[in-house]
Amino acid sequence: MQYRVCKASGNKLSILGFGCMRFPPLGNEAERMVLSAIDGGVNFFDTAYLYPGSEKTLGAILKKSGKRDKVFVATKLPLAMCKKYEDFERFFQKQLARLQTDYIDYYFMHNITSMAWWQTMLDLGIARWIAEKKASGQIRQIGFSYHGSGEEFPKVLNSYPWEFCMIQYNYYDENYQAGKRGLLAAAEKNLTVFVMEPLLGGKLVNLPKKAEEPFRLANPNKTPVEWALNWIWNHDEVTLLLSGMTNTAQTAANIRTATDFAPISDSDLAVYRDVKAEFAKSFRVKCTACNYCLPCPKGIDIPARLSAYNTSFAQNYFTGLTMYVTGMGIASRNPISSHLCNACGKCEKACPQGLAVSSEIKKVAQRFEPLPIRILMRIVRAFMG
């Protein structure tokens with residue numbers, strides 16, 4: 001494993017961080033993954049209050065294994081749920097209990113989208129609360145995760161003496177949200193920079209054939225995942241990236257990639273441009289399947305619908321349609337149509353990508369449920385009883 005130094009603390013952090021949002025829900029796979037990651041040199045584990053079951057699972061694994069003092073734990077304060085000063089402490093104490101620890105190494109202000117939003121927290125007294133927690137040693141490093149526009153990022157960056165930040169960054173989204181400008185601005189202020197969504201929610205794993213071809217021609221033995229992770233590590237300003245691994249095989253593969261990383265040649269850097277240009281033709285909606293938009297009041301599985309929509313362009317219409325009708329429960333008594341969306345806006349308020357979700361779902365409905373197909377679906381359901 002390779003390591004880079006956290007600028008504020010001097011901690012040596014593994015360039016591969018373990019994103020715990022997508023822990024497998026059943027069995028002991030999560031425990032096997034965490035322990036194998038630690039054995040492979042990973043020493044940074046990232047979770048959040050809002051990740052269902054994640055903090056509790058990570059805390060139990062580290063407690064049982066006795067590995068808590070061998071790793072750095074990061075978690076996040078759910079700012080959107082904080083309405084008064086007392087909420088900061090209430091959520092924090094619950095997180096300590098879930099994680100079975102008495103301190104947090106890296107504590108994020110979660111999902112800041114604008115300076116106005118962060119100012120609301122400042123007005124509630126968040127700066128005073130952070131100072132108290134740092135003085136007590138319960139919070140070792142303080143930072144924020146960002147999901148707003150490139151224009152707002154410098155305002156947030158300069159509004160508080162942050163020690164680290166996390167931005168979305170990958171070879172396809174180089175200039176999205178904070179983007180490269182934000183990365184350089186944070187590095188110039190000597191902040192440690194963590195990267196999320198290195199694989200764009202998995203979209204850069206299974207590329208359309210035409211998009212993957214430049215990678216394959218350049219190096220047939222190198223996977224799209226390796227190409228994607230290496231691109232991020234090629235930035236000296238990045239300390240580590242978070243990978244939301246879901247099984248031990250992925251964990252082992254990513255550890256090998258982190259161990260073998262070497263600077264990218266100019267000729268290989270040119271390959272990314274060809275892949276990106278081809279990928280852009282098929283990737284219509286920038287959904288990363290974070291599931292923050294769920295549950296939908298109408299029962300629509302929004303990430304699954306958008307994934308089917310993207311697939312219908314990336315591969316072919318019928319593959320996307322198959323994903324779509326399966327996901328809507330075509331064989332059930334009450335399949336959930338995308339036409340049920342009433343544009344209530346709940347999903348859009350929760351979306352960290354800032355997507356116009358209601359408009360996108362309308363496009364999905366138009367593509368997969370035009371009148372002839374809706375009639376066919378009714379016939380199929382009637383035939384199936």
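This is a guided tour of one protein model, stop by stop, for use with a viewer.

**The whole chain**

Start with everything shown. The model is predicted. Its secondary structure amounts to 16 helices and ten strands. Along the principal axes, the C-alpha atoms fill a box of roughly 65 × 50 × 45 Å.

Switch to contacts. Take pairs of residues at least 6 apart in sequence: 75% of those contacts join residues at least 24 apart. Buried residues account for 52% of the 385 residues.

Now show the surface. The accessible area is about 17,300 Å², and carbon and sulfur atoms hold 54% of that. Colour by charge next. There are 47 positive and 34 negative charges, and their mean positions lie 7 Å apart.

**The largest core**

Select F45, M109, W118, F144, W162 and Y171. These residues have the most contacts inside the largest nonpolar core, which has 82 residues.

Centre on M109. Leaving aside residues up to four places away in sequence, M109 touches L77, L79, W118, I126, I130, I142, G143, F144, S145 and W162.

**Strand β6: Y107**

Select residues 104-112, strand β6, and pick out Y107. Is Y107 buried or exposed? Y107 is buried, because its relative accessibility is 0%, under the 20% cut-off. Show its surroundings. Beyond residues up to four places away in sequence, the contacts of Y107 include T75, L77, F92, W129, I142 and F164.

For a distance check, draw a line from Y107 to C287. The two are 180 residues apart in sequence, and their C-alpha atoms are 26 Å apart.

**Helix α9: W227**

Go back to helix α9 and select W227. W227 counts as buried, at 1% relative accessibility. What does W227 touch, not counting residues up to four places away in sequence? The list is F215, A218, N219, K222, D268, V271 and Y272.

**Helix α10: N254**

Move to residues 248-260, helix α10, which holds N254. N254 has a relative accessible area of 6% and is therefore buried, since the cut-off is 20%. Show side chains around N254. Residues up to four places away in sequence aside, N254 touches L16, V225, L229, W233, S243 and M245.

**Backbone stops in the loops**

Select the one between α11 (266-279) and α12 (302-314), where P295 sits. Look at the peptide bond from L294 to P295: this bond is cis, with omega near 0°.

Next, find the loop between α7 (179-188) and β9 (192-196), and select N190. N190 is not a glycine, yet its phi is positive, near 70°. With a relative accessible area of 47%, N190 is partly exposed.

End in the loop between α13 (317-327) and α14 (346-350), at A343. What is the phi of A343? Phi is about 55°, a positive value in a residue that is not a glycine. A343 counts as partly exposed, at 49% relative accessibility.

Terms used:
Residues numbered from 1 in each chain as written. Predicted model: local features only at pLDDT ≥ 70, side-chain atom pairs only at ≥ 80, totals over all residues. Heavy atoms only, no water. Helix = DSSP H or I, 4+ residues; strand = E, 2+ residues; numbered from the N terminus. Buried < 20%, exposed > 50% of the residue type's maximum accessible area, 1.4 Å probe, protein only. Contact = heavy atoms within 4.5 Å. Areas by Shrake-Rupley, 256 points an atom, 1.4 Å probe, with all protein chains shown as cover. Lys, Arg positive; Asp, Glu negative; His and termini not counted. Charge placed at Lys NZ, Arg CZ, Asp CG, Glu CD. Core = buried A, V, L, I, M, F, W, Y, C linked by side-chain atoms within 4.5 Å.
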